[in-house]
Every structure is written in structure tokens, then in C-alpha cells.
Amino acid sequence: MRYTGAVRNALLALVALAALLAFACGDDADSNADGAGGVYLALGDSIAQGEGASASERTDYVALVEGALKQRYGVALTTVSLAVDGHTTQDLIDQQLQPAVDAIQAGDVRVVTVTIGGNDLYVLANEPACPADPQSPDCPFNDILAGAAQRLDTILRTLHEAGPATIAIELYPNLFSGTGNPFEGPATFAFGLLNDVIEQTAAQYDVLVADPRDDFEGRATELTAPNFHPNDDGYALIAAAFLRALGLQ
């Protein structure tokens with residue numbers, strides 16, 4: 001079961017309390033070494049939240065990754081999603097990062113998945129010069145990308161330093177690839193550079209990288225919903241990319 005909203009915050013508090021009680025009682029610090037239970041923590045934007053899936057509780061990538069993790073850690077594994085539609089890197093820092101750190105420091109988080117950064121670029125759609133040519137001197141693309149890079153560094157460094165949890169971050173596929181949409185070319189350029197930043201930052205902090213880009217190449221028409229988010233088939237491919245990164249597929 002996936003928990004969101006107020007329920008997830010209460011659950012994170014319980015996770016922290018349980019860890020403190022275990023420490024006070026002298027339990028082994030790695031009480032889940034036998035593979036039973038733990039927490040799967042999902043952070044990010046609308047893709048992490050499952051926008052476009054027919055039933056996000058069952059068919060988005062978080063649900064599919066959860067199913068694989070339960071095979072590894074048992075059905076007692078709990079999934080906590082902090083992802084919010086529309087969130088940027090700054091939103092994640094402001095609203096998701098501290099609860100995530102608290103959960104990791106409680107000592108029971110097995111895996112953290114992250115999809116973030118795409119909405120930092122989507123703001124460029126409102127800049128007149130950007131949709132046609134992100135490389136135009138009149139498009140503030142470089143400034144936007146530099147800011148996203150700094151915030152991605154903050155996010156991954158903070159998660160890495162919070163404690164022993166396996167962290168994996170997604171590279172963005174081009175959700176316009178093969179559609180003929182006017183955004184297809186600009187998205188190839190813009191998300192290509194964003195993905196470079198994600199890969200470089202992940203490497204600094206031992207963060208695994210989930211890469212579904214090749215699976216979407218030229219196939220966005222069949223793999224996306226009408227709102228240009230992944231559909232169930234698209235989410236299955238993103239989940240597979242995460243599972244490959246995690247060594248579970």
C-alpha cells in the first residue's frame with residue numbers, strides 16, 4: 001500500500017519513533033538485515049506521482065517497483081510517496097527533502113527513488129524565445145539549467161549523507177519522441193543537457209541511475225497518455241529501468 005499526504009507524514013513519524021525505540025532497547029542497528037520489511041521512499045514530480053497511469057496505485061512505476069521490492073524484502077515493506085505533481089527541484093528541497101532525511105535517519109529506508117528536474121525546464125515554455133530555440137540568446141535556458149544543477153546537487157548530497165539507503169534517480173525520456181510535436185526537437189536538446197547534469201551529479205554521490213531513454217526513442221505516441229505523461233506501458237519501462245539500476249532485473 002502507498003501512503004500519501006497527512007498519512008505519509010504520520011507514518012514517517014512512526015518510522016522514526018520505531019527506530020529510536022529499537023536503539024533504546026539495544027536492538028541490532030541493522031534489524032532488517034534478514035530482509036523483512038522496511039520502507040520504500042519515492043520522491044519527485046508528476047511522473048513519480050503517476051500522472052497518466054490508468055490506476056497509479058497499481059500501474060505507475062512506483063507501484064511496480066514496490067512489487068519487486070516486496071519480493072526482495074517481504075510484504076511487510078511499506079511504500080511512502082512524497083511526490084507531488086508539478087514539483088520542481090526547489091519544491092522538493094522545500095517540501096520533500098526533510099521528511100525524506102528524517103525517514104532515512106530513522107534507519108529503516110531500503111530504497112529511495114527520485115524523478116525531479118523536468119518542471120524546472122517546463123517553465124521555459126512560457127518564454128517566447130525558448131520553445132522554438134532553447135539555444136537562443138533570448139532564452140534563459142543556461143541560467144535555468146545552472147540553477148537546477150545546484151539544487152540537484154543539494155538533493156542528492158543531502159540524501160546520500162542522511163544514512164544508509166540505496167538511492168536511484170531517473171533520467172528523463174523524451175516524451176515527445178516520434179510524435180512530430182513542435183516540442184520534440186527542443187525537448188531532445190533541453191532534456192539531453194538536464195540528463196547530463198543528473199548523471200554527473202549522481203556519480204558524485206554513489207546514486208544509481210535509471211535510464212529508460214532508449215525505450216522511448218521514437219515511441220512516445222504509444223507510450224504516453226494524451227497529457228504527454230507516460231501511460232501504463234511507459235511506466236512499465238520506467239519501472240524496468242529502475243529495477244535494472246537496483247539490480248533486481
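At roughly what angle do the axes of helix α4 and helix α11 cross? Select residues 61-73 for α4 and 232-245 for α11: the axes cross at roughly 45° and come within 8 Å. That makes α4 oblique to α11.

Before moving on, some ground rules. This is a predicted model, where local features need pLDDT of at least 70 and side-chain atom pairs count only at pLDDT 80 or more, while totals for chains, interfaces and linings use all residues. Numbering runs from 1 along each chain as its sequence is written, and side-chain values use heavy atoms, with hydrogens and water left out. Helices are DSSP runs (H or I, at least four residues), numbered from the N terminus. Axes are lines fitted to C-alpha atoms over the stretch in contact, and angles run from 0 to 180 degrees between N-to-C directions. Angles under 35 degrees count as roughly parallel, over 145 as roughly antiparallel, 65 to 115 as roughly perpendicular, and the rest as oblique.

**Stop 1: α4 and α11.** Show Y61, L64, V65 and A68 in α4; they meet Y235, A236, I238, A239, F242 and L243 in α11 (contact means heavy atoms within 4.5 Å). This contact has 10 nonpolar, no polar and no charged residues (Ala, Val, Leu, Ile, Met, Phe, Trp, Tyr, Cys and Pro are nonpolar; Asp, Glu, Lys and Arg are charged; the others, Gly among them, are polar).

**Stop 2: α5 and α7.** From α5, residues including L92, I93, L97 and V101 meet α7 residues including L152, I155 and L159. The contact divides into 11 nonpolar, five polar and one charged.

**Stop 3: α7 and α8.** Keep α7 (141-162) and bring in α8. Here the angle is about 25° and the axes lie 10 Å apart. That makes α7 roughly parallel to α8. On the α7 side, show F141, L145, A149, L152, D153 and L156; among their partners in α8 are F189, L193, V197 and T201. By class there are 12 nonpolar, two polar and one charged residues.

**Stop 4: the second largest pocket.** α8 gives the most, with four. Centre the view on L121, Y122, L124, A125 and F183, which lie nearest the pocket centre among its 14 lining residues. A pocket is an open set of points on a 1 Å grid over the protein atoms alone, where a 1.4 Å probe fits, with protein on both sides within 12 Å along at least five of seven lines; lining residues have an atom within 4 Å of a point. The volume is about 240 Å³, meaning the space filled by probe spheres set on the points. Colour the lining by class: 14 nonpolar, no polar and no charged residues.

Terms used
Helix = DSSP H or I, 4+ residues; strand = E, 2+ residues; numbered from the N terminus.
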